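Hi everyone, thanks for coming. I'd like to walk you through some charged contacts today, so let's bring the picture up.

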Amino acid sequence: MQLTRVRRQRSAAAFAVLVLLAGTSTLLRSGGNRHTAAASPDRPAAARPVHQGPRPAIVPRSAWHAEAVDTAPAARYAPAVKAAVVHHTSTPNGYDCAEVPGMLRGLYEGHAHGRDWDDIGYNFLVDACGTIYEGRAGGVDRPVVGAHTKGFNEGTVGIAAVGAFDRGAAVPRPMLDSIARLVAWKLGPYGPDPRGSVALVSTSDESRFPQGAEALLPVVGGHSDGYPTRCPGAALYARLPEIGARAALLQRR
């Protein structure tokens, strides 16, 4: 009886050693960590990288006296900003930057009352000195739906360069730098690379794409990419890849 008990104890000990060796082998094969992704299917995915540049200085609507034109209606918001659409205002170049607030009121007047948009169409405007102005009401840090590119206002930010930038025109360096900073900040932090393209759905047959069609557009594009127009002018349009590359650098991509 005692011999049988000893044999049973030895058998149990041998079985425990085998289990321990098997576990050690598994541990070694997994690189010293049993809790691998394969062994833990419920493990949360790694955090997605955040790509967003710092917020630039922005002159508020109150500073250029937008209220002198009219009171803007309640804003509409998109889930996120997926792309930037660059425009020019087609106003004369060579202005003194101190004159810009009055120019903005004139643009607002034309949009709100001349085109029945109720508010200025662009989300932001940038002058030759690189000053960024808040355009359409609703909050600079929110994805406000503008009235700047028919068919693709939803999920885009409209940025207007103050001036006319047709072929042969010089585009001021401070203006380019400020547009890049604004793009780097306004694009959604988990959004597409500003050097690439993004799929957007057209909401108007008057755009270059039928309503409901999915269009692959530049993340940093011009008004002419989605709508039949020469805006933002050939000179500025040619600089959009440079703006996208600068924005990507500011986002630390």
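**Salt bridges and their surroundings**

Let's start with Arg195, which counts as exposed because its relative accessibility is 52%. Its side chain meets that of Asp193 in a salt bridge, at 2.7 Å from N to O. Asp193, at 24% relative accessibility, counts as partly exposed. We also have a network here: Arg173, Asp177, Arg239 and Glu242 are joined by salt bridges that share partners. Do keep in mind that this is a predicted model.

How many salt bridges does the structure hold? There are seven. One of them pairs the side chains of Asp119 and Arg61, with 3.1 Å between N and O. That pair links distant parts of the chain, 58 residues apart: Asp119 sits in the loop between α2 and β2, and Arg61 in the loop between α1 (2-29) and β1. Are these two buried or exposed? Asp119 is buried at 2% relative accessibility, and Arg61 is buried at 11%.

Next, Glu154 forms a salt bridge with Arg76, the closest N and O atoms being 3.9 Å apart. Here the partners are 78 residues apart, with Glu154 in the loop between β3 (132-134) and β4 (156-161) and Arg76 in the loop between α1 and β1. Glu154 is partly exposed at 40%, while Arg76 is exposed at 52%.

Finally, look at the surface, where Asp70, Glu109, Asp116 and Asp118 gather in a patch of negative charge. Asp116 belongs to the loop between α2 (100-114) and β2 (124-126), and is exposed with a relative accessible area of 63%.

Notes. Residues are numbered from 1 along each chain as its sequence is written. This is a predicted model: local features need pLDDT of at least 70, side-chain atom pairs count only at pLDDT 80 or more; totals for chains, interfaces and linings use all residues. Side-chain values use heavy atoms; hydrogens and water are left out. Patches are made of residues with over 30% relative accessible area and no salt bridge: like charges are joined within 9 Å, nonpolar side chains (Val, Leu, Ile, Met, Phe, Trp, Tyr) within 5 Å. Accessible areas come from the Shrake-Rupley method with a 1.4 Å probe; for residues, only the protein chains shown count as cover. A salt bridge is a side-chain nitrogen of Lys or Arg within 4 Å of a carboxyl oxygen of Asp or Glu. Lys and Arg count as positive and Asp and Glu as negative; His and the chain ends are not counted. The place of a charge is taken as NZ of Lys, CZ of Arg, CG of Asp or CD of Glu. Helices (H or I, at least four residues) and strands (E, at least two) are DSSP runs, numbered from the N terminus. Buried means under 20% relative accessible area, exposed over 50%, partly exposed in between (1.4 Å probe, protein chains only).
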